[in-house]
Amino acid sequence: MSISALVRPRPVHQAADLLAAYLPGSFFFSSARGVLLADGVHAHVRPGDGSKALAAAEALAAARAAGLPDPVVAGAVGFRPDAPSSLVVPSVVRRADAASEVSAPGAGSGAVWTAVPRPEPARYADAVRRALRLIGDGDLRKVVLARCLELTSDAPVWVPALLARLVRADPAAYAFAVDVTAPGDPAPRALVGASPELLVSRRGTTVVANPLAGSAPRSGDEAVDRERIARLRASAKDLGEHAHTAAQVAEVLGRFCVDLEVPDRPEVIGTPTMWHLSTRITGRLADPGDPACSALGLAEALHPTPAVCGVPQAGALAAIAALEPEDRGYYAGMVGWTGLHGDGEWAVTIRSAEVCARTVRLFAGAGIVEGSDPAAELAETAAKFGTLLRALEVEEAA
Ligand SMILES: C=C(O[C@H]1C=CC=C(C(=O)O)[C@@H]1O)C(=O)O
């Protein structure tokens, strides 16, 4: 038998075509590594309280045995340890190289929006003050406090157009759209976003994580931005906030890796709306065949990092439950895919929104540490809302 009969070439699609083919109910995930569009449900993955990675490995083996050529587990996991997940083995998977050029989506929807902040901005600033007291008392070192903006449109929100605007605004982002419909939802619910933060990616034995923490809004003026970047690089508060996150991610990955490279100092990366301190950590897996070392297994071990939760983790989870009035749902969770041999990519679901019919719930959070200023943290969350507000063509509402 010739080798060409054994090696089935992967169909190669164009990123822009996959984006155009996305419809509500599909799974879309794009990154610098490539684009994945998945349709249909071959099997649901319902790990319950057990290991998601183990449930995924079993579902992938069964799907391969049933004849699926390139099975993946794709979906999203919510923030809380007991939060729901939406993970499936899709029936059809199409892949493309990373998006370079994406054509402009059609004209805006012209929708009319109403916005309700939850809590009111002043109450969010109060919650930051209470978090600072917990930090002062020595109960916590860092907690990420989020707030929600609930938007209602006068017409149903067309998720494919929203996704296309997010990808076009930032082709380098981890852009995603996932069906997260829950029992009782009045209409299909989608989680949509453009996250700058890689939770973990695995290719063969190589793993990469890219924790972000410590931020400044982008101004649009080059000189002002140069100044903001310099201030961010030198800010003891932001460097401290970042160090908690990078240290925990390195410690967790260190349990699975034989070599781990952790840069001494963070660099600054930019999105169209923000500047962030960023540490890119790379490692080589000790036991790549262990399901715990699959991309999903590593993501499960890392989540929730102090980029979205805090230090110590149990205290931060309790503070978030006490100080945030709205359940985060899928915000600050993870989204991505894992393949049969453990490769995959999972991003942190920040700069995201849950869309259900005419309603959009978006969240943004900020890391609170000693030295945080409530007004500045409020402004930071308002700036972070900008990613979704621009894509929705909503005038600043936060
Ligand atoms: C929690 C969010 O951002 C995280 C990621 C980057 C910078 C962050 C910060 O500076 O607080 C947050 O840790 C969010 O966007 O909602």
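This is a predicted model: local features need pLDDT of at least 70, side-chain atom pairs count only at pLDDT 80 or more; totals for chains, interfaces and linings use all residues.
**Helix H3.** I began with helix H3, residues 52-65. At 1.5 Å a residue, its 14 residues should span 20 Å, and I found the end C-alpha atoms 20 Å apart, which agrees. Then I looked up its buried residues: Lys-52, Ala-53, Ala-55, Ala-56, Ala-57, Ala-59, Leu-60 and Ala-63. What covers them? I noted strands S4 (43-45), S5 (72-77), S6 (85-89) and S20 (334-339) among the cover, and helix H8 (295-302) as well. After H3 comes Gly-67, with a positive phi near 105°.

**Ligand shell.** I counted 17 residues around the ligand. Leu-212, Ser-215, Ile-350, Gly-365 and Gly-367 are the closest. Strands S9 (142-153), S14 (212-217) and S23 (359-368) each give two or more residues to this shell. By class, I listed nine nonpolar, five polar and three charged residues.

**Backbone exceptions.** Most peptide bonds are trans, and most residues other than glycine have a negative phi. I looked for departures.

- Arg-118 to Pro-119 is a cis peptide bond, omega near 0°. Pro-119 sits in the loop between strand S8 (113-118) and helix H4 (121-136).
- His-303 and Pro-304 are also joined by a cis bond, omega about -5°. I placed Pro-304 in the loop between H8 and strand S19 (310-311).
- Ala-357 has a positive phi near 55°. It lies in the loop between strand S22 (352-356) and S23.
- Glu-393 has a positive phi of about 60°. I found Glu-393 in the segment after helix H10 (374-392).

Is Glu-393 buried or partly exposed? Glu-393 is partly exposed, with 15 other C-beta atoms within 10 Å.

Definitions and conventions: Residues are numbered from 1 along each chain as its sequence is written. Helices (H or I, at least four residues) and strands (E, at least two) are DSSP runs, numbered from the N terminus. The expected span of a helix is 1.5 Å times one less than its number of residues. A residue is buried if 20 or more other C-beta atoms lie within 10 Å of its own, exposed if 12 or fewer, and partly exposed in between; C-beta atoms are placed from the backbone. Two residues are in contact if their C-beta atoms, placed from the backbone, lie within 7 Å. A residue is near a molecule or strand if its C-beta atom, placed from the backbone, lies within 6 Å of it. Ala, Val, Leu, Ile, Met, Phe, Trp, Tyr, Cys and Pro count as nonpolar, Asp, Glu, Lys and Arg as charged, and the others, Gly among them, as polar.
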